[in-house]
Structures are given as structure tokens and as C-alpha cells.
Amino acid sequence: MKIIILAGGFGTRLRNVVPDVPKPMANISGTPFLEIVIQKLLKNGLTDIIFSLHYKPNIIVDYFSSSKYKSNNFEFLIEKKPLGTGGAIKNVINNKLISDDESFMVLNGDTYVEFSFKNMIIKHKNENAKLTMLLRKNTNSKRYGIVNVDDEKVISYNEKSNSEEGFINAGVYIMKSSVFKNYKLNKCFSLEKDFLEPYISKINANYFISKDYFIDIGIKEDYLKAQKELVFTG
């Protein structure tokens, strides 16, 4: 299964502590955060990775084009203009890096979450889903999209709610390239706000739950927390 890493954002909320590199390349005890994410993928046998880039892309391209990663199938797609999280995924599809109706996984380059890649992929394929979302129960969910579910499907999605507790969108998806078909979307759009929030009930989306470690380094407090908690073992 191919993996799309969304790593094109400006990281403005983290700029005062990570001023010189894209947010996914933020230093975690001497190792770029994104390398920790990539090593987790490689250890799970997921070696076909597409990097969707915009802000200072050459830093990421140069790092992951090194001899250390030559044995893997890495591709780099650079956006001329920011396309948003949804636009970035659709850009990969439009550039024929994903085959028609092929299932692929999407991860955010600034988020690390522990879960069973194998079991999520199996569940997605067994249920022939167009979209499977990774969810996680959080006690403080104000920064994240809240996902409401029944025993089988996602019922609704609210991007950035005031809820203290609930299932959050962990920023990992498995989807088919046909998932955006029949929806009117701008070239630049947010996957979360412009697609999932209004259309999730029509997509008949499935979900997979992680009860394990999760961190999003999008704000200074969590970036500093990651410095203490994440360990690079590559």
C-alpha cells in the first residue's frame, strides 16, 4: 500500500521554536520528527511513500534522498501553491501517482500515533471501504476534530469542537482514489473542513480505533512534550 505524507504546511504556530525548517523536520533530540514517522512505516513494511510538499521542500527532499533511503520507493510532489490537506491528496491522484480506485494511506507529517498498520489495512480491505479513519479517545479534544460513530460507521465529523472528551480524528486515513468523485471541491481545500465535515455521512466511512500513544507537534507545548517522550530507534 502506498503512503502519502502531508508535509507541506508552513507551521506558523511553531515558527518561534522551529524557525528554519518545515514543521515535520523539527528536531526531536537530534532527529527530525518526520524521520521518526518514516522509520515507523518502514518497520511495518510500508516502503512506497509519496511526500506532498510546499514550504521549504528541498530540506525534506535532500534528507530523504540520501543513500540511507535509496532502497525505498520514495517520491516527492511539490505544490507550486498551497493546496490544503484535501487538495494535496487530490493533487497526488491527479498526477497519477495513485492508480484508479487504488487504496492508499494518508498521514500528517507533524503527527505520530501508534496503531496496528496491518490490522487497519485488513479492516479497510475486508469492508471494501472508500474511507477508513483512524480514531483515538481523547480526554481533551478541543484542538481536534470530533468524530461521532455507531457500531460500524462514522456518523458525523465536527472540525475543532469545544468538547472535552470524545473520539478524535488522529490524522491517519486509508482511502480509495475514487473517494472525491462526485463532490464539487475547489483545487485548494481542507480535507477536514471542506470534505469530511459536510460529506462524511454520505461517504459511508469506516473507522479503526487506536488506544496507544498519540502526539501532534503543531503547537509549542506538544513539541516540547515530544522532545521528552519520543525516542528514535532507527
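Which residue follows H1, and what is its phi? Glycine 45 comes after this helix, and its phi is positive, near 80 degrees.

## About the model

This is a predicted model, in which local features need pLDDT of at least 70 and side-chain atom pairs count only at pLDDT 80 or more, while totals for chains, interfaces and linings use all residues. Residues are numbered from 1 along each chain as its sequence is written, and side-chain values use heavy atoms, with hydrogens and water left out.

## Helix H1

Helices here are DSSP runs (H or I, at least four residues), numbered from the N terminus. Nine of the 11 residues of H1 are buried, so this helix is largely enclosed by the rest of the structure. Buried means under 20% relative accessible area, with a 1.4 Å probe and protein chains only. Among those buried residues are Phe33, Glu35 and Gln39.

## The nonpolar cores

A nonpolar core is a set of buried Ala, Val, Leu, Ile, Met, Phe, Trp, Tyr and Cys residues joined through side-chain atoms within 4.5 Å. The largest one has 46 residues, and Ile5, Ile38 and Phe51 have the most contacts inside it. Helix H1 (residues 33-43) gives the largest share of this core, seven residues. A second, separate core of 33 residues includes Leu6, Val106, Leu131 and Ile203.

Let us look at isoleucine 5. Leaving aside residues up to four places away in sequence, Ile5 touches Leu34, Ile38 and Phe51, among others; contact means heavy atoms within 4.5 Å.

Terms used:
Buried means under 20% relative accessible area, exposed over 50%, partly exposed in between (1.4 Å probe, protein chains only). Helices (H or I, at least four residues) and strands (E, at least two) are DSSP runs, numbered from the N terminus.
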